[in-house]
Amino acid sequence: QVNRNKTVIGYKISAGPKKGWVRVTAKILSAAGGMDLKQMTFTGDLHTSGEIRNKKVTGSAAPQMAGMEGMTPEMKAMMAQSYQFMADAWKEMVFWFPEFPEEKLDIGDEFEMTRKMAGGGGAMGMTAVRKEVYTLEDVSDGLAYFSVKDRSVSQMQGAMGGKTKTKTAGKGETVFDLKDGMWMEVVSRFRSSTHMGAMTGMPGAGGGNFESRHINKITIEKE
């Protein structure tokens, strides 16, 4: 099975809280599967080094669906928790920018970036840890080229009791525009190994192990 998904995110840059910082406001303009996520607004303070603080998401990821008024309070609470989990996950994907080290980088130097995520709560939740190693390969014509290696482990607790654990390992390359101070392109290729536990109260939902390959490409264009 092959899936191809495309997401478009719009970023607006405005004055930050102090020198060296800008305020980033983002909207998901279109997402895979025709999901309408425009009601969410993401904000954060971004430093010239790539450090991000005060990441927030406002608005709900819940779609407008008919018949929700007839749901039980328990079902409504479960759905609200699910959509909050989705919003938390999107927040981390929107603010994906790596943070540069303070010291100057020469060709062959590398720096590490560790990302941690926790979302949801109660009957549903997710935790993830991702480690990326960036190596500066070349600088030419105002562009810095990096190779990247990354590994991650994530665990998800489903509403029906099923637990999922995924391990990934991959590599890729990135391009940074030194003149504009922004990433231009990120390409990563990785393999995932997923173990899905059985869900309680769901006959036939016995879980299993799954292998997959992924190619992610991010491009940034200025208006």
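Analyst: A residue is called buried under 20% relative accessible area and exposed over 50%, and partly exposed in between. The structure is a predicted model.

User: Why is K38 called partly exposed?

Analyst: The relative accessibility of K38 is 45%.

User: Where is K38 found, and which residues does K38 touch?

Analyst: K38 lies in the loop between β2 (21-30) and β3 (41-47). Leaving aside residues up to four places away in sequence, K38 touches K27, I28 and L29; contact here means heavy atoms within 4.5 Å. K38 and I28 are 10 residues apart along the chain, and their C-alpha atoms are separated by 5.5 Å.

User: What makes β3 and β4 paired strands?

Analyst: Pairing requires at least two bridges between two strands. β3 and β4 (residues 52-58) have 5 bridges, in the antiparallel sense, and therefore they count as paired. Within this pairing, D45 has R53 in β4 as its bridge partner. The two strands form a hairpin with 4 residues between them, and G50 in the turn has a positive phi of about 105°.

User: Why are β1 and β4 said to stand at the edges of the sheet?

Analyst: The sheet is open, with 4 strands in the order β1-β2-β3-β4 and antiparallel pairing. β1 (8-15) and β4 each have a single partner strand, so one side of each has no neighbour in the sheet. From one strand to the next, the twist averages 20°.

Notes. Residues are numbered from 1 along each chain as its sequence is written. This is a predicted model: local features need pLDDT of at least 70, side-chain atom pairs count only at pLDDT 80 or more; totals for chains, interfaces and linings use all residues. Side-chain values use heavy atoms; hydrogens and water are left out. Buried means under 20% relative accessible area, exposed over 50%, partly exposed in between (1.4 Å probe, protein chains only). Axes are lines fitted to C-alpha atoms, for helices over the stretch in contact, and angles run from 0 to 180 degrees between N-to-C directions.
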